[in-house]
Amino acid sequence: MIIVMAPGHTPEERARVEETIRSHGYRVVPIVGELRTVIAAVGDGDKDVLYQCESFPGVESAMRVLTPYKFVAKVPGRLRTVINVANTVIGEGTLRVIAGPCSVETEEGYLRIAKAVKEAGADLLRGGAFKPRTSPYSFQGLGEEGLRILARVGKELGLGVVTEVMSRDTVELVASYADILQIGARNMHNFALLKEVGRCEKPVFLKRGIAATIEEFLMAAEYIVSAGNPNVILCERGIRTFETATRFTLDINAVAVLKKRSHLPVFVDPSHATGHWELVAPAAKAAVAAGADGLMIEVHDDPASAVSDGIQSLLPHRFAALMHELRGKESAG
Ligand code: PEP
Ligand code: MN
């Protein structure tokens, strides 16, 4: 059950709602977003509380949420989540693009690529410092040194940075350098990690697991939001199917389904979804056409020598051409 507080409600009005919910046997979980405060009543208490709260001053609407994901469900009266991060607004209608190499390799190299993607109009930088590799013998990332490079370059260029956190014990460390914490596809089911980033102040970029249903994906987001962090960005990055022509299969349906079922912003990663640079532009355009709020794209200026995912990385000039096309479409409405 959720109670949506009206804009401009007073602390007393909110306290009255919370007290009433509590006295009917529910746990109270307030979610204070950029635009709205929502009070969630979690548990199996007396349903009459809904009707009581609906008429209280300061309350905009009250409703039961029948989906298993209560916090992330799109319900009438609940505005879409808008996230303000590092001078960028995500989810308010303008396409946002996160770009950069798969991994942070060297400071000079990262700075060069970051300058190029900034020049092309990227809003945020990406780069892995802790890499989830299929083989334990593959490059595992620079660790904290990679985080330092990310933060230094991000600061120098005035862009926020997105990077993956792979374990609970490094959440604090990664959060001290990054603007947005990425949970990779392989960790979407790591519930302990989801709870930990749910207790963190930084927004979370949650990638869909390679074999996760849309409902499982939304339940993973629910873990984060119900632990107290309302700022979650969902990212469709391709799922595993019988098809072998591409690295994964971009589930374009998921974009429309997620936008319909959830108020959270939805991004698409056409780089991992396709696994090949030539397919990145068409997949990116399809994502935008389907209603994505943003894209995450891998870019490298020497893909042949990239330590990871060179084949799917765009050269800077190709990224710039794609950005030009995407932004052109956007301004044409
Ligand atoms: C990545 O973004 O570098 C990455 C490893 O993505 P995914 O978790 O989607 O495979
Ligand atoms: Mn990658």
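Helices (H or I, at least four residues) and strands (E, at least two) in these legends are DSSP runs, numbered from the N terminus. This is a predicted model, where local features need pLDDT of at least 70, side-chain atom pairs count only at pLDDT 80 or more, and totals for chains, interfaces and linings use all residues. Residues are numbered from 1 along each chain as its sequence is written, chains are lettered from A and ligands numbered from 1 in the order in which they are written, and side-chain values use heavy atoms, with hydrogens and water left out.

**View 1. Ala41 in strand β3.** Look for Ala41 in β3, the strand of residues 37–42. Ala41 has a relative accessible area of 7%, so it is buried (under 20% relative accessible area; exposed is over 50% and partly exposed in between, with a 1.4 Å probe and protein chains only). Met1 sits 40 residues away along the chain, yet the C-alpha atoms of Ala41 and Met1 are separated by 5.2 Å. Setting aside neighbours within four places in sequence, Ala41 is in contact with Met1, Ile21, Tyr26 and Arg27, where contact means heavy atoms within 4.5 Å.

**View 2. Arg96 in strand β7.** Arg96 belongs to β7, residues 96–100. Is Arg96 buried or exposed? Arg96 counts as buried, because its relative accessibility is 14%. Not counting residues up to four places away in sequence, Arg96 touches Thr88, Val89, Ile90, Asp123, Phe267, Asp293, Gly294 and Leu295.

**View 3. Leu125 in strand β8.** Here's Leu125, part of β8 (residues 124–126). With a relative accessible area of 0%, Leu125 is buried. Ala99 is 26 residues away along the chain, and its C-alpha is 5.1 Å from that of Leu125. Beyond four places in sequence, the residues that Leu125 touches include Ile98, Ala99, Tyr110, Ala114 and Val117, along with Val153, Gly154 and Leu159.

View 4. Which residues are around ligand 1? They are Arg126, Lys131, Pro132, Glu164, Gln182, Gly184, Ala185, Arg186, Lys207, Arg237, His272 and Glu298, each with a heavy atom within 4 Å of the ligand. By class, that shell has 2 nonpolar, 3 polar and 7 charged residues. (Ala, Val, Leu, Ile, Met, Phe, Trp, Tyr, Cys and Pro count as nonpolar, Asp, Glu, Lys and Arg as charged, and the others, Gly among them, as polar.) Now zoom in on the side chains. An N or O atom of the Gln182 side chain is 2.9 Å from an oxygen atom of ligand 1. For the Arg186 side chain, the distance from an N or O atom to a ligand 1 oxygen is 2.8 Å, and for the Arg237 side chain it is 2.6 Å. On its own, ligand 1 has 300 Å² of accessible area, and the protein covers 97% of that (Shrake-Rupley method, 1.4 Å probe).

**View 5. Ile210, in the loop between β11 and α7.** This view stops at Ile210, in the loop between β11 and α7. Ile210 counts as partly exposed, because its relative accessibility is 21%. Arg240 is 30 residues from Ile210 in sequence, but 5.5 Å away in space, C-alpha to C-alpha. Leaving out neighbours within four places in sequence, the contacts of Ile210 are Ala185, Arg237, Gly238, Ile239, Arg240 and Phe248.

**View 6. Helix α7.** The 13 residues of α7 (214–226) reach 18 Å from first C-alpha to last, close to the 18 Å expected at 1.5 Å a residue; the expected span is 1.5 Å times one less than the number of residues. Buried residues in α7 include Ile214, Phe217, Leu218 and Val225. Among the elements that the buried residues of α7 pack against are β2 (27–32), α6 (191–198) and β12 (232–236). Gly228, with a positive phi near 120°, follows the helix.

Technical notes: A polar contact is a pair of N or O atoms within 3.5 Å; within protein, one must be able to donate a hydrogen and the other to accept it, and residues adjacent in sequence count only if both atoms are side-chain atoms.
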